[in-house]
Amino acid sequence: MLDERLQNEWIVAGQPVENVDWIVAGGDPWKLTPARLMAWQKLRMEFGGDSKLDGGMVWVFDFGREVLGHVELVVDAEPGQIVDVGYDEWQQPSGMIDLYRTNPFVHTVDRYVLRGGVQKITGLNPRGGHIVQVVMYPSAGAGKKATLNSLKVIETRTLKAARGTFSDGNPVDEAIWKASLATVIGSAEDVYSDSPWRERGAYIGDFTVNQLLQGLIDEDLRIARRCLQLFAQSQLDNGQFACVAPSYHQTPHEDFSLIWVLGLWEHWGMTGDHAFVEDMWPHLLRLWDSSVWLEGATGLWGADGMRLFIDWGVRLEDRQGSANGVLNALRIFALEKSESLARELDHVDEAEAFRKEALRVREAFATSLWIAAEGRYAACIDNEGTLSTSSAAHSNLLAWNLEIGSPKQVSSVQKYLFEFLEGNHELGLGEGGFSGHVELYFFRYLLSAMAERGHGERALRLIRQHWGPLVADRFGTLPECFYRFEDRMGSRCHGWSGYPAVWYMNWILGLRQESAGDPNNWILDPLEIEGINKVDGALPHRSGLIRVAWHRQLDGELEVSINSPEGVSVRLVDPTASVVSSV
C-alpha cells in the first residue's frame, strides 16, 4: 500500500510509483484499474507489439467550462468491446487528461462493456470536470473498427446564471468576480460540493464560503439550509460533526465543527430565519458538550490527537499542541456567534454564559500564547511545554481578526502579520504545501477585517496578487490552492476560493447589511481606493434585485444611484454624497 507520507507530492500522471508488492498486469485492460490504465497509457498506446490495447481509439472533448452531469454516448462497436470514460480538469501536453494530478485515490473513470452494434450509454452517476476523454479498446476478434457517434453531458447542477453583478472597470477584479460565482454554479447540486470533479462532497469548511457566494448568485438559500441540516444529522456520538456529509467518512475536523457554528450564524445573518436557528440549537449545544474538548492548565484546548485541517498552507506541527492557537481562536469565534444566536432565541442565561466563556478564553489566549520578544502569538504550546517557534501565520491572522489581547498586542500582531503577508505568495509558490503560508480559503478570515480597519487598499493588493494569476488563463473557475495551481495540480473548481467576490460586493461596491439577521436594511459605504472611480452592481434579494451604481467625481464627491425593491432600504453612509436617483 502506498504511504503518502513518503511522497513529496501526489502521484504524477505517467510516473507510476515503484513498489515491490505491486503486480505487473501487462496490457490486458481487464486486469487494470480503468483510471490507472487511462492515466498511464500513451496517446499512441505503445504497449508492445502483442498488447491487447493496440489499435484502440481515443477522443478528448474540452467543454470550455466546468460541466457536471450524466454523460451520454452513442457508440458502434463489436460485442464485448470496452469503453472507458474519464473526467478531469488538467490535460497532458498530448491533450489527454492528466489523471491523479489532484488525488491518487480518486478514480474518475467509468468502464462500460458493450453489447455490440449501435448503443447508447448513459452514465448513472453524475460526473464533473472540464474535459471528458473516451477510450475504446479493440475487440478480441478482428471485427469492425469501433466508432463514437456522439457525446453530450446532461447537466445536473442546480444553480444557473448568476443574478448578482459587479463591475469596477478593472479586468482582473471582474474576472475574479465571475470566476468566483462560476465555481459555485459549476459544483452545486442538492449540496455545495467541494468540487464537481473530485470527492463531490459537502465539507463544512467549503460550505461556509459557498453559502456567502450563493447570496451573490440568487436569493434561494435552500441548498445552504440543506447543508447545515445534513451536517447536523451527521453529528457524531461525541458531539462533533463529520467534516463531510453525507459520507462513509465518519471522522471530524474539529476546527470544522466550530466553523459549523459560524456557518449557522451567517445563515441566520443573511436570512433572519429564527425558526431554523431554533431547530439547530440542540445540535449547537451538543457540540459544546463534546467529550473531545480537553482544556489544559492554561485554560485553552489542546489539539493533540485531533484532525484539525485549518488550511493547506499551515505547517503540520501547527495542527497539534497542548494549547492550539487556531483551535482556540475558532473557539472564541464560535462562542461569540453562539452568544449572538442565543440572544436571537431569547436564551438569556445561555447567552451570558457564552459571553463570559469567550472573555475567559480571550484572556487565556493573550496570556499563554504571547511571544513577547517577537510581538506576536505562537501557533501552540508544544509537547515540551514551550511556545512553538513556527511563523504561526494562521494563529496570528485569527487573533488579529478577533482583536485578541491589549491594543498594544493587537497593533504588534498587525505589524507582524502584514509583513508576513508581503511574502506569502512567494512562500507558497516556492515551498508548496504546509510551508506555513496562507492559502486562498483562509483569506476569508482576513479580507473583510482589513477593510473594516482601514486597510482596504492593502486587502485589494493581496487579492490581485494571489487571485490575478489564477484567472489569467481564462479557465473560468477557481482552484483549491494557488500553490498547486502553479504546479498544474489539484482541483480547478473549488468554491471556497471565491471569497473575494463577497468582498467586492461588500467593500468595493460597498453594499452591506445594516445588521446581521435583518436582510431588509442595507448600507452603501464603498471604500475609497485609488483607480476605482465608477462601480455598479446588483445583489439578489427575496423581494427583487438591489441595484446600485456610484461615480466618484474628480473633487471626490460621490454620485449615487440606488434602486431597491419595495420593503428594502439602502442607507447612504457618506453624508456628502449626492443621490442622482433612488427608487
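How does glutamate 295 count at 40% relative accessibility: buried, partly exposed or exposed? Glutamate 295 counts as partly exposed; buried means under 20% relative accessible area, exposed over 50%, and partly exposed in between, with a 1.4 Å probe and protein chains only.

This is a predicted model, in which local features need pLDDT of at least 70, side-chain atom pairs count only at pLDDT 80 or more, and totals for chains, interfaces and linings use all residues. Residues are numbered from 1 along each chain as its sequence is written, and side-chain values use heavy atoms, with hydrogens and water left out.

View 1. Helices (H or I, at least four residues) and strands (E, at least two) are DSSP runs, numbered from the N terminus. Two strands pair if DSSP finds at least two bridges between them. Strand 1 (residues 57–77) pairs with strand 5 (residues 127–136) in the antiparallel sense over nine bridges. Here valine 60 stands opposite glutamine 133. With strand 6 (residues 147–155), strand 1 pairs in the antiparallel sense over eight bridges, and aspartate 76 has threonine 147 as its bridge partner. Strand 4 (residues 117–122) pairs with strand 1 in the antiparallel sense over six bridges; glutamine 119 is the bridge partner of valine 75.

**View 2. The salt bridge of arginine 331 and glutamate 295.** A salt bridge is a side-chain nitrogen of Lys or Arg within 4 Å of a carboxyl oxygen of Asp or Glu. In this pair the N to O distance is 2.9 Å. Arginine 331 lies in helix 7 (residues 325–344) and glutamate 295 in the loop between helix 6 (274–288) and strand 8 (323–324), 36 residues apart. Arginine 331 counts as buried because its relative accessibility is 1%.

**View 3. The salt bridge of arginine 343 and glutamate 352.** The side chains meet at 3.7 Å, N to O. Arginine 343 has 41% relative accessibility and so counts as partly exposed. Glutamate 352, at 27%, also counts as partly exposed.

**View 4. The salt bridge of arginine 453 and glutamate 403.** The N to O distance is 3.9 Å. Arginine 453 is in the loop between helix 12 (447–452) and helix 13 (456–471), and glutamate 403 is in the loop between helix 9 (393–402) and helix 10 (407–422), so the pair ties together parts that are 50 residues apart in sequence. Arginine 453 is partly exposed at 24% relative accessibility, and glutamate 403 is partly exposed at 45%.

View 5. The structure holds 34 salt bridges.
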